[in-house]
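Good morning, and thank you for coming. I would ask you to look at the model first, and then we shall go through it together.

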Amino acid sequence: MSAAQNVTLPILLAIPLVGSLAVFALKEAQAKLAKQLTLLISLIVLVYTAVVGFSFDTSSGAKRFQFMGSWTWIKAFGVHLAFGVDGIAMVLVGLSVVLVPTVILASWNSFDSKSGAEEETSPSGAPRSTKNFMGLILLLEFFMIGVFIAMDVFLFYVFFEAMLVPMYFIIGSFGGPRRQYAAMKFFLYSLVGGLVMLASVIGLYVSTGSRTFAITDLIGTVPDNATQKWLFIGFFIAFAIKAPLVPVHTWLPDAGAEAPAGGAALLVGVLDKVGTFGFLRYCLPLFPAASRWAAPLVLILSVIGVLYAAFLAIGQRDMKRLVAYTSVAHFGFIGLGIFAFTSQGNSGAVLYMVNHGLSTGAVFIVVGLLIARGKSRNVADYGGAAKVTPLLAGLFLFAGLSALALPGLSTFVSEFLVLVGTFTRYKALAIFAATGIVLAAIYVLYLYQRVFQGTVSEKVTKFRDLNAREVLAVAPLLALIVFLGIYPKPVLNIINPAVTATLHDVNQHDPAPELGPVAGGIK
Amino acid sequence: MNSSLVLADTAQTISTPSIAYHALLPIFIVLGAALVGVLVEAAVPRPQRFNTQVFVTLAGLIAALVTVGVLHGTHVATPSPVGTDSPFAGSLAIDGTGLFLQGTILALAIMAALLIAERSVDVGSAIVASAASVVGSQIDREHSRSQRVQTEVFPLMLFAVSGMLVFPVSNNLLLMFVALEVLSLPLYLMAGLARRRRLLSQEAALKYFLLGAFASAFFLYGLALLYGYANSVDLSAIFTATKTSTKSDALLYLGLALLLVGLLFKASIAPFHAWTPDVYQGAPTPVSAFMASCTKVASFGAILRVLYVAFAGTNWNWRPIIWAVAIASMVVGAIFGLTQTDIKRILAYSSIAHAGFILVGLVVISQEASASVMFYVLTYGFTTMAAFGLLTLVRDADGEATHLSQWSGIARKSPMVAGLMTLLLLSMAGIPLTAGFTGKFFVFKAAWHSAGPLVVMALLFSAVAAFYYLRIVVMMYFAEPPENAPTVAIPGWTSSVALTVGAAVTVLLGVFPQPIIDLATKAAGSLIG
C-alpha cells in the first residue's frame, strides 16, 4: 500500500471519539450541558462530512478509493490504520452522521423526564443517565464511521466487533422491560458471527501469503478454490447475521423492540447496513468465485426474507417489533440487489441502504415519540390519535409511506432499481419479491389505521402534539427522502463508479437487455 | 552391561560444570528474599512484621525483575548445545524465552504481592490470623477480629516464585521436577490461608495437595520412563535419542504422556482441571490471583520447553494429544462455566477455557507460535490478576461477596469497579482493542495454517465462554441491586496499584501491542534451533 498519509478521515474519526470522552467526563448533574455538547459535536461531524462528501471526486477518471491514509499499527501482524472511502462507504458515512443528530434531538428528554420516557416507570427503578446515553451515542458514531472507512480487514474487524459494546449498553441500560435478554441476544448473535469471521480474517491473511490486511492489496489475490469458499462462508455468516438475513434474523425483533427508539433507529438504520456493506466491500471483491457460487442461495433467502418478514410484520401487536420486521423484509431487497450482480441492482441496493436508513430511522423515531406519549408499545392501546395529534399522525404517515416505497419518495427509486436489476437476470425472483411491495402497503397502512384512525381512545385524548424540537428531529430525514426521491442523481453519481468497480471485481457484467433499455437513463 | 561398568562410566563424565552465576541472579535474589523473610518471622516483633515482610517481598521481586531486564538479550545458555563445558552442564537454559517468562512471572508476582499486602478492605488482611488455630475455636474467633496476620505467606510466596522462575528454564527433567515441587508445596499451604470461610479454604488446600501430589508422581514416573528411553534426563539428550535411539517407542510415548499429565495438571488443563474451581474458590482471593496467573505462565513455559526442546523431532506423534486436551479444555471451560453462579468459580472455568485456547498455539512448532503462547499467557496473567483483585473489593458481612447475584446493580454503587470489571471481562471474551483479543489473534494466526479446524473450534468456544462473561456484565449494569447489597470497599494503595497496572496493560496490549510482540518474537527465537 502506498504511503499516503491523508488525515481527512482520521480527523473525522477523532471528532466523535474526543467528544464522547468529553461527554463521559462530565458530571451526572450536567445532563443539559451533555446534551448540548453532544448535539454540537454531532453537527460538527455532519458539517465536516458534508465538506468531505462534496469534495469526493465523481469525475470519470477518479480513483475508486479516495482520501486514503495509512499508518502502521501492529507491524508483526501486518496491520495498518488504513482509511479511505469509495462511493459506497461515502454515502453510508453520510447516512450515519445524518441520523446521529436526529437521534440526539429525538431522545432529548427520553431519560430525564417522565413525559419523554417510553415507559411509565423506568424498568430498573433508578434514574437513567442522559449523559451516559449521549456519550454512548457519540462512541457508537465513532465506531460506525470507523467501520465504513477502514481499509484494512483487521481494522474493519476491530470496529465491527467493538461497535457491539456501546450498542449493548444502549439496549441494556436504556431499553424496555426485556432489555437484558435483548442485549444479550444481540451481543451473542453478533459475536458468534464476528468470531466466525475472525477465522476467515486470519485465513485470508494466511492463505494469500501477502503479509498484509490492506484491502487494496488483497483484492484479486485469494486463490480461486475451496479455500475461497470457506473464507467466504466465514465473512458471509457474520454479515448475514448483522444484515440480518432470514433465517439468522431472530435477534433483530428483540433488539429493535427493547432498544430505546433512538438506539433502535441507529441499530436498524446504520449498524445493520454494516452487514450489507460487508457483502459489497468484502465478500464480492475478495471472493468473487465464491460469491457467484453462493448467489443462488442468498437470492432465495433474500426473497424468503422479503415475504416472510412482511407477513410477520402484518401480524405484530408490538409497534417496535413490527418496524423491526419490516426492516428484515427490506434487507431482503438489499440482498437481492447485491447478489443479482447487475449494475442497477447493486446501485439500487446501495441507494436502498441509504434510503432505508433514513426511512426506518424516521419511522423508529416517530414511533418512539408516540410510545413516549402512550407509554405502551402495544398497537391496541391506541386509536384515533390523528384527531388529537395531527402533526404526529402526518409525520408518521409520511415516514410510513416512505417505508412502503411510494413513488416520488426516495425509497421508490431504490426499490425499483433493485427489482429491475434482479429482473434482468432472475425474472421469477423479481416477480416474487415485487409482491413484497403489496405486503408493505398492508403492514404500514394497517398500522396507521389501527393507531391513528377510528374512535379516539380515552388514553389518546391526553396526548400532546409534537413540539418544535421533535419536528426538527424528523423533518430533515423526511426532507432528504423527498429530495432523493425526486433527484437521486448526486448520490447515484457517487455510488455508481464504486458499484462498477465492485462488479468488475466479481467479474460480472450486466446481461444484454432483452426488454429494451430499462432504466437506462439512471446513470 | 553390568552395574560396576555403568558406575565407572558415570564417574568419568562427572566434572564440575561451569556455572554462570550472574544468570542465576534473579532466582538467587528471590530465594534470598525468601530466606530473609523467614528470619523476619523470627526476629521482627509482630506489630512491624507485616510491613517488613511486604517491604522484603517487594524489594526482592523488584530487584529480581530489574536483573531479568539487565540480563535480557544476553543468551547465557541456550537449550541446544550440551557438553560438559556448556554453562550448568546444559541443565538450565537462561535464554530469551526463559528470561521473557521469568520477567512475566516476576511482574505478575509483584502485583500478587501487592494484592496480598492489602489491609484496608478487611480486618487484618485477606490472610488468616493464625493458620494453626482450630476453626471456630475461641482463639480463632479472637484472632479473626485482631490485626494479626499469618505473615509467613510472604516467604511462602517467594519460595513459590523461585520455583516458578526455575520451572520454565529447566533444560533437564529432574531439575524441572525439583522446580515443580518447589513451586507447588508453598502453593498448597497458601491455598489454606483464607481469613474467611476457613474450612472451605482448608478443604481446597488439602484437595490441591492430594491431587497435586498425584500429578507430581505421574511426572516422576514419566521422567523415569524417558530416562529408560534416552539414558538421560536432559531435554536435548532426549531430543537426540528420539532421532537415534533403538529402544522401544512405547517408552517414549508413555513417558511423554505421563510427563504431560503432571504439566497439564499444573496448567489446569482438562481433563486434569478438576481441582481448579474448588481451589480458586477456597483460597484467599489474592492467592487465587497468584495461582491463576503466575502458575499458569510457569507451567506453559515448561510445556513449551519440553515440547520444543525434547520432542520437536517427534511432533507428528504428540500433536493429536495436544489437540485432544485443547478441545477438552475449551469444552469443559466454556460449557461448565455456563452453569456457575460464583464469580470466582466462573474465573476458574474461564482459566480452564483459556488454557485450551493457549494450547492451540502449541500444536505448531514455530517461532511465531511459541511467541504467541508467551504473549497470550502474559496478557491473560495481567487480566486475570486484576479481575481477582476486583473481587476482593465487593464485600458483605461475611467477607467477599462473590455470588453472581450479589454483584447485580453494582454499577450504580460503584461505576469504577463495574467499568474495570467490564473491561477485563471483555478482554477475556476477546473483544478487539483489549489485550485478550490481541493474544487470541496472535495464537490463532500462528496456528491457522496447520490447525485450521482447531482454530475454528476455539473461536466458537470463545463465543460460548463470552456468554458467562457477559452475564456478569448484565448483572452489574442491567439488574436490580439485591436487598442487602454488598458494599464496595475503597482499596488501599497496594491494590490500587495492582488494579491500575492490570487494567492499563489490558488496554495497552490491545491498542499498542507491537513492542511486547516484538519482544516475545525475539525471545522465542531461542527455542527454534
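How many residues does the contact take from chain A and from chain B? The contact takes 31 residues from chain A and 29 residues from chain B, where two residues are in contact if their C-beta atoms, placed from the backbone, lie within 7 Å. On the side of chain A that touches chain B, the elements giving two or more residues are helix H5 (153–162), helix H6 (164–174) and helix H7 (179–208) of chain A. H7(A) gives the most to that side, with 16 residues. By class, the side of chain A that touches chain B has 22 nonpolar, six polar and three charged residues. Here Ala, Val, Leu, Ile, Met, Phe, Trp, Tyr, Cys and Pro count as nonpolar, Asp, Glu, Lys and Arg as charged, and the others, Gly among them, as polar.

A word on conventions. This is a predicted model, in which local features need pLDDT of at least 70 and side-chain atom pairs count only at pLDDT 80 or more, while totals for chains, interfaces and linings use all residues. Residues are numbered from 1 along each chain as its sequence is written, and chains are lettered from A and ligands numbered from 1 in the order in which they are written.

Let us turn to chain B. Chain B has 20 helices and three strands; these are DSSP runs numbered from the N terminus, helices being H or I with at least four residues and strands E with at least two. Buried residues make up 61% of the 529 residues in chain B. A residue is buried if 20 or more other C-beta atoms lie within 10 Å of its own, exposed if 12 or fewer, and partly exposed in between.

The three strands of chain B form an open sheet in the order E2-E1-E3, with antiparallel pairing. Two strands pair if DSSP finds at least two bridges between them. The edge strands are E2 (399–400) and E3 (487–488) of chain B, each pairing on one side only. Strand E1 (residues 394–396) of chain B pairs with E3(B) over two bridges, and Arg395(B) stands opposite Thr487(B) in E3(B).

Finally, the core. Which residues touch the most other members of the largest nonpolar core? Among its 428 residues, they are Val366(A), Val360(B), Ala447(B) and Val455(B). Such a core is a set of buried Ala, Val, Leu, Ile, Met, Phe, Trp, Tyr and Cys residues joined through C-beta atoms within 7 Å. Helix H18 (residues 435–478) of chain B provides the largest share, 28 residues.
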